[in-house]
Amino acid sequence: MKIENKILILGGTHGNEKTGVSVVKSLQRKEYKNLEALIANPKAVEKNLRFIEADLNRNFDLPGKTYEHKLAKSLKKTFKKSGFIIEFHNTKSKSNDCGIIVTKPNKAHINLAKYFKLNKVLIMPRKGSVSSFNPDNFFSIELERNSKIYTVKYIMEKLSALELPFPTQNGLADLFEFTGKTFYKKDLARANVDIQKLTNFKAFNKSDKKKLGLSLDLIYVPIFIGEYGKDFGFHVALFKGQR
Ligand SMILES: [Zn+2]
């Protein structure tokens, strides 16, 4: 198979995120024409930990001597033999399912988001991410843990029918970009913003935008509500239109 036609499916970048691990293990049981599958951080998967010494998805292109830094070096060699990489992550945050990229969206990114019926593409910082290796040919899928919609069976059906170049899809996907703003529980208490009333990817109302110091002229949404520890509130993303 030509490298440019080969799709690499990556699971277990974070070892405690099981959807991708199950998908990779299912794919590895059979031969597929266009697909290869790999557990990114096998030791972390074995121990059911996000990482062993350093977060692989925050250190991928950064210098260091940890297990994950060494792992990144060997993963890069494998990545060079793939035309496109699709990576799976899980979040405990509800209604946060989306595609994640670290560059300007291209046709492949948008088509994949629609193909998986995610219809939301989030642009996150490139630095340290596994996708920094080749952002134009890399697409991460963030799914709620134990999702009733995104079951391993559903994902396997979609993946096994996938070929490069990805087929053009109808409809529109919403595009969002991380603003770099993060609010913690203590910030929200001080600003009198009720986190219970917020939904991921649902626009802040005018009153909350005022309280959070966000421009009233733009559409902002919370993302990853409650994802990172008990003190974490949410990140803020800016709506960038539809594609
Ligand atoms: Zn993850």
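How are α1 and α6 oriented to each other, parallel or oblique? That was what I wanted to know when I opened this one, and I kept in mind that the model is predicted.

**Entry 1: the helix pair**

I looked up the two axes first. Helix α1 covers residues 18–28 and helix α6 covers residues 152–160. Their axes come within 10 Å and cross at roughly 55 degrees. Angles of 65 to 115 degrees would count as roughly perpendicular and those under 35 as roughly parallel, so α1 and α6 are oblique to each other. I also checked the hand of the crossing, and for α1 and α6 it is right-handed.

**Entry 2: who meets whom**

Next I went through the residues at this crossing. From α1 I noted Thr19, Ser22, Val23 and Ser26. On the α6 side they meet Val152, Ile155 and Met156. I sorted the contact by class and got 4 nonpolar and 3 polar residues, with no charged ones.

**Entry 3: the two domains**

Then I zoomed out. The domain assignment gives me domain 1 at 3–171 and domain 2 at 176–242. I put their centres 26 Å apart, going by C-alpha atoms. For the contact between them I have 11 residues from domain 1 and 12 residues from domain 2.

**Entry 4: the domain 1 side**

Which strand gives the largest share of the side of domain 1 that touches domain 2? I found that it is β5, residues 120–123, with 3 residues.

Conventions. Residues are numbered from 1 along each chain as its sequence is written. This is a predicted model: local features need pLDDT of at least 70, side-chain atom pairs count only at pLDDT 80 or more; totals for chains, interfaces and linings use all residues. Domain bounds come from an automatic or database domain assignment. Two residues are in contact if their C-beta atoms, placed from the backbone, lie within 7 Å. Helices (H or I, at least four residues) and strands (E, at least two) are DSSP runs, numbered from the N terminus. Axes are lines fitted to C-alpha atoms, for helices over the stretch in contact, and angles run from 0 to 180 degrees between N-to-C directions. Angles under 35 degrees count as roughly parallel, over 145 as roughly antiparallel, 65 to 115 as roughly perpendicular and the rest as oblique. A crossing is left-handed if the near helix is turned anticlockwise from the far one by less than a right angle, and right-handed if clockwise. Ala, Val, Leu, Ile, Met, Phe, Trp, Tyr, Cys and Pro count as nonpolar, Asp, Glu, Lys and Arg as charged, and the others, Gly among them, as polar.
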